[in-house]
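Let's read a structure together, one feature at a time. Have the sequence and the 3D view open as we go.

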Amino acid sequence: MSWARTVDRSGRTAPARAAALARFETQVDPDGVLSADERARRAEYAFKAHMQQMAVRSVKVRQARRRGESA
């Protein structure tokens, strides 16, 4: 019910998105030597790669389930 009453869904999830992006920024620049723009650009690429990997895994699991295999 709380989501049904949420007016600003994007605003509600903003802290989680910011934390996830910060994680990717740390991953791509652990020593903090890149410029903020470059770090953000690379973090965005890392995020996209992560989402693509999850999508591929999801497809494989769904295909295995259709074949009757356990994941």
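The dialogue below takes up helix geometry, then salt bridges, then a surface patch.

Q: Before we start, what kind of model is this?

A: This is a predicted model.

Q: Let's begin with a helix. How does the reach of helix α1 compare with the span expected at 1.5 Å a residue?

A: The general idea is to set the distance from first to last C-alpha beside the expected span. Here, helix α1 covers residues 9-28, which makes 20 residues. From its first C-alpha to its last, α1 reaches 28 Å, close to the 28 Å expected.

Q: And where does α1 bend?

A: A bend is read as the angle between axes fitted to the seven residues ending at a position and the seven starting there. In this model, α1 bends by about 40° at Pro-15.

Q: On to charged side chains. How many salt bridges are there?

A: The test is a side-chain nitrogen of Lys or Arg within 4 Å of a carboxyl oxygen of Asp or Glu. By this rule, the count is three.

Q: Which parts of the chain does the pair of Asp-29 and Arg-39 link?

A: Asp-29 and Arg-39 meet through their side chains in a salt bridge, at 2.8 Å from N to O. This pair links distant parts of the chain, 10 residues apart: Asp-29 sits in the loop between α1 and α2, while Arg-39 belongs to helix α2.

Q: Is Asp-29 buried or exposed?

A: The cut-off for buried is under 20% relative accessible area. Asp-29 has 6%, so Asp-29 is buried.

Q: Which residues do the salt bridges around Glu-38 join into one network?

A: Arg-41 meets Glu-38 at 2.6 Å, N to O, and because they are three residues apart in helix α2, about one helical turn separates them. Arg-42 also forms a salt bridge with Glu-38, its closest N and O atoms being 2.7 Å apart; these two residues are four apart in helix α2, again about one turn. Through shared partners, Glu-38, Arg-41 and Arg-42 form one network.

Definitions and conventions. Residues are numbered from 1 along each chain as its sequence is written. This is a predicted model: local features need pLDDT of at least 70, side-chain atom pairs count only at pLDDT 80 or more; totals for chains, interfaces and linings use all residues. Side-chain values use heavy atoms; hydrogens and water are left out. The expected span of a helix is 1.5 Å times one less than its number of residues. Buried means under 20% relative accessible area, exposed over 50%, partly exposed in between (1.4 Å probe, protein chains only).
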